[in-house]
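Hi,

Here is the structure I promised to hand over. Please open it alongside this note; what I found follows below.

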Amino acid sequence: SPPNTNYTIPEADFSNPASAAQALTSPASETRYRAWQALVEFGAQSKPALELLFASHNTQMRARALWLLAHPNIGDSNQVDRALNDSDARIRLVALRATRRYGYDLLSSVEALIGDPSPLVLRECATALRTLTGSSRGARAWAQLAKRHVAGDRWSLEGLGIGSDLNRERCFDFWMQANDGQWNTPAGREIVWRLKTPKCLPLLAKIIASPETEQ
């Protein structure tokens, strides 16, 4: 730091929602923790101050505000639903994580984001489905996300793998239906390689035997 620097330590005030919301913007994790606890304790009284913070142009501060606005002691799933349509992909991602954290309707949130333009959001959707692919609806949502996989995107592929690992066969069946059985594409071959279900084995053999496969 520059010589002759005079350090000042701001006093954080947690006695009311407005000042606690201001403390939530602090770079000090201890201050933010105390602000979080205070805002949760204030309950619904915290909403106006948090909504004001969420309306800022700073994505990080908006994310902090959203995480509390989605808290059952303060808000409800309506806060998350609005954030799922936010113009900032990082806010949409936080909204999906808040859905998981607070026990809201995760599958409906994923279905609302299947057409999202952001690979970041799509990866989050895929991993969020990990415990939901046991149902036809969950596996169908996974298949739609898998259809959007772009060959060469290893982050996307691993996200889909994590999302399908507990029910790979069901996911494979719905994915094949969604593609009308047309699996042999650059992106499709990667999906087959990652799933490795019994039904994938003959397809893997075809990939290995194909002269088009790079050695």
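Asp-88 counts as buried, at 14% relative accessibility. Buried means under 20% relative accessible area, exposed means over 50%, and partly exposed lies in between, with a 1.4 Å probe and protein chains only. Asp-88 sits in the loop between α5 (77-83) and α6. It is in contact with Thr-59 and Arg-62, leaving aside its neighbours within four places in sequence. Contact here means heavy atoms within 4.5 Å.

**Before you read on**

This is a predicted model, with residues numbered from 1 along each chain as its sequence is written. Local features need pLDDT of at least 70, side-chain atom pairs count only at pLDDT 80 or more, totals for chains, interfaces and linings use all residues, and side-chain values use heavy atoms, with hydrogens and water left out.

**Overall picture**

The protein has 13 helices and 0 strands. Both are DSSP runs, numbered from the N terminus: helices are H or I with at least four residues, strands are E with at least two. The radius of gyration is 22 Å, well over the 17 Å that the globule rule gives for 215 residues, so the protein is more spread out than a compact globule. That radius is taken over C-alpha atoms, and the rule is 2.2 Å times the number of residues to the power 0.38. The C-alpha trace spans about 70 × 45 × 25 Å along its principal axes.

Of the 215 residues, 46% count as buried. Among contacts with a separation of 6 or more, 61% come from residues 24 or more positions apart. The accessible surface comes to about 12,000 Å², and 52% of it belongs to carbon and sulfur atoms. Areas come from the Shrake-Rupley method with a 1.4 Å probe; for residues, only the protein chains shown count as cover.

**The nonpolar core**

The largest nonpolar core has 64 residues. Such a core is a set of buried Ala, Val, Leu, Ile, Met, Phe, Trp, Tyr and Cys residues joined through side-chain atoms within 4.5 Å. Leu-50, Val-110, Trp-142, Leu-145, Trp-175, Ile-191 and Val-192 touch the most other members. Helix α6 (residues 89-102) gives the most to this core, with 7 residues.

Take Leu-145 as an example. Not counting residues up to four places away in sequence, Leu-145 touches Val-110, Ile-114, Leu-122, Cys-125, Ala-126, Leu-129 and Leu-160.

**Buried sites worth a look**

- Ser-164 is in helix α10 (residues 154-164). It is buried, at 1% relative accessibility.
- Arg-194 lies in helix α12. It is buried too, with a relative accessible area of 15%.
- Gly-43 is in the loop between α2 (29-42) and α3 (47-54). Its relative accessible area is 8%, so it is buried. Gly-43 and Pro-17 are 26 residues apart in sequence and 9.1 Å apart in space, C-alpha to C-alpha.
- Val-40 is found in helix α2. It counts as buried, at 15% relative accessibility. The C-alpha atoms of Val-40 and Pro-72 are 32 residues apart along the chain and separated by 9.1 Å.

**Backbone points**

Most residues other than glycine have a negative phi. Which residues have a positive phi without being glycine? Asn-4 is one of them, with phi near 60°. Asn-4 is in the segment before α1 (17-23), and is exposed, with a relative accessible area of 78%. Asp-180 is another, with a phi of about 55°. Asp-180 lies in the loop between α11 (168-178) and α12 (186-195). It counts as exposed, at 67% relative accessibility.

Over to you.
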